[in-house]
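Trainee: Could you walk me through this one? I'd like to know where the labels come from.

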Amino acid sequence: MGKVYLVGAGPGDPELLTVKATRLLSRAGIVFHDSLVSREVLGLIARDAEVIDVGKRSGHKLLTQEEINSLLVSAAANHEIVVRLKGGDPLVFGRAGEEIEALRNAGVEFEIVPGITAALGAAAAAGISLTDRRAASQIVISTFSRGTEGASMDWGAITSTTTLALYMPGPDYAEVAHRLREGGLPDDLPCVIVSNATGVEQQIRWTSVARLGHEERLPAPALMIVGRVASQKLQEISKEFWRGEPSERQTRHTVVS
Ligand code: SAH
């Protein structure tokens, strides 16, 4: 009986893989990967390994989650090292929970190898500190699109010093902007969209909640960092924010000085 490694592939740049991930990729007998994983990272897999793309693209599921779960279990019977390779960190929006449960239930040994999650890759790309003490006190990692079974966003967690990392924003930025406003975020709150963070096709767009709806869509994968830290002019604007009468929705967003 082999062992299954749930491995984080990081946001794109293969040099951001952990040493452990690199070693496992070169030794695995079989690798199941998502479509998010970059070509450069896939290039590190041993030549004689079996490589299976279990990714989902534009809503087309190649395999169901249940099918992936049972593939992992049966692969462990035939290979010493089985790698389940996921973009970013395997435990952030990666459905790893279900895979872990299936492996546990089947009595298959497993180990989790963390990776750099996209929000951290995006922050590095944009050169902003997600917890800059002049403007932020917490990071909320969230998404609007988690399918029918997913919980909706908890707006109670968002304050004026929250940095919101919004994964899977989808193609409709106007809809995202609408929901951010509905959640009580002010129009002039900065937002940075990072597409293909740390990858060769990286793009960064500096915008705001008000302007977001008019921005041209950036290629997937992309995420948004919304909050006072999401600006290249943090020092100037951190003083300017939250002036004037907050609307009823914006009462949570009072100045923290
Ligand atoms: N487990 C992954 C997230 C999977 S959900 C992680 O920890 O990063 C997929 C979403 O992650 C994408 O829709 C996008 O919002 C974000 N994402 C993944 N890689 C990205 C990248 N290189 N640049 C920007 N966003 C990325």
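Mentor: Let's start at the ligand: one of its oxygen atoms is 2.6 Å from an N or O atom in the side chain of Thr117. A word on ground rules: this is a predicted model, where local features need pLDDT of at least 70 and side-chain atom pairs count only at pLDDT 80 or more, while totals for chains, interfaces and linings use all residues. Residues are numbered from 1 along each chain as its sequence is written, and side-chain values use heavy atoms, with hydrogens and water left out.

Trainee: How much of the ligand does the protein bury?

Mentor: On its own the ligand exposes 540 Å², and the protein buries 91% of that. Those areas come from the Shrake-Rupley method with a 1.4 Å probe; for residues, only the protein chains shown count as cover.

Trainee: Why is Asn105 called exposed?

Mentor: Exposed means over 50% relative accessible area, buried means under 20%, and partly exposed is in between (1.4 Å probe, protein chains only). Asn105 has 66% relative accessibility, so it counts as exposed. You'll find Asn105 in helix 4, residues 96–105; helices here are DSSP runs of H or I with at least four residues, strands are runs of E with at least two, and both are numbered from the N terminus.

Trainee: And Arg95, is it buried, exposed or partly exposed?

Mentor: Partly exposed, because its relative accessibility is 27%. Arg95 lies in the loop between strand 6 (81–86) and helix 4.

Trainee: What makes the phi of Arg95 worth a look?

Mentor: Most residues other than glycine have a negative phi. Arg95 is not a glycine, yet has a positive phi of about 55 degrees. Asn196 also has a positive phi, about 50 degrees, without being a glycine.

Trainee: How do you know whether Asn196 is buried or exposed?

Mentor: Its relative accessibility is 18%, so Asn196 counts as buried. Asn196 is in the loop between strand 10 (190–195) and strand 11 (203–208).

Terms used
A polar contact is a pair of N or O atoms within 3.5 Å; within protein, one must be able to donate a hydrogen and the other to accept it, and residues adjacent in sequence count only if both atoms are side-chain atoms.
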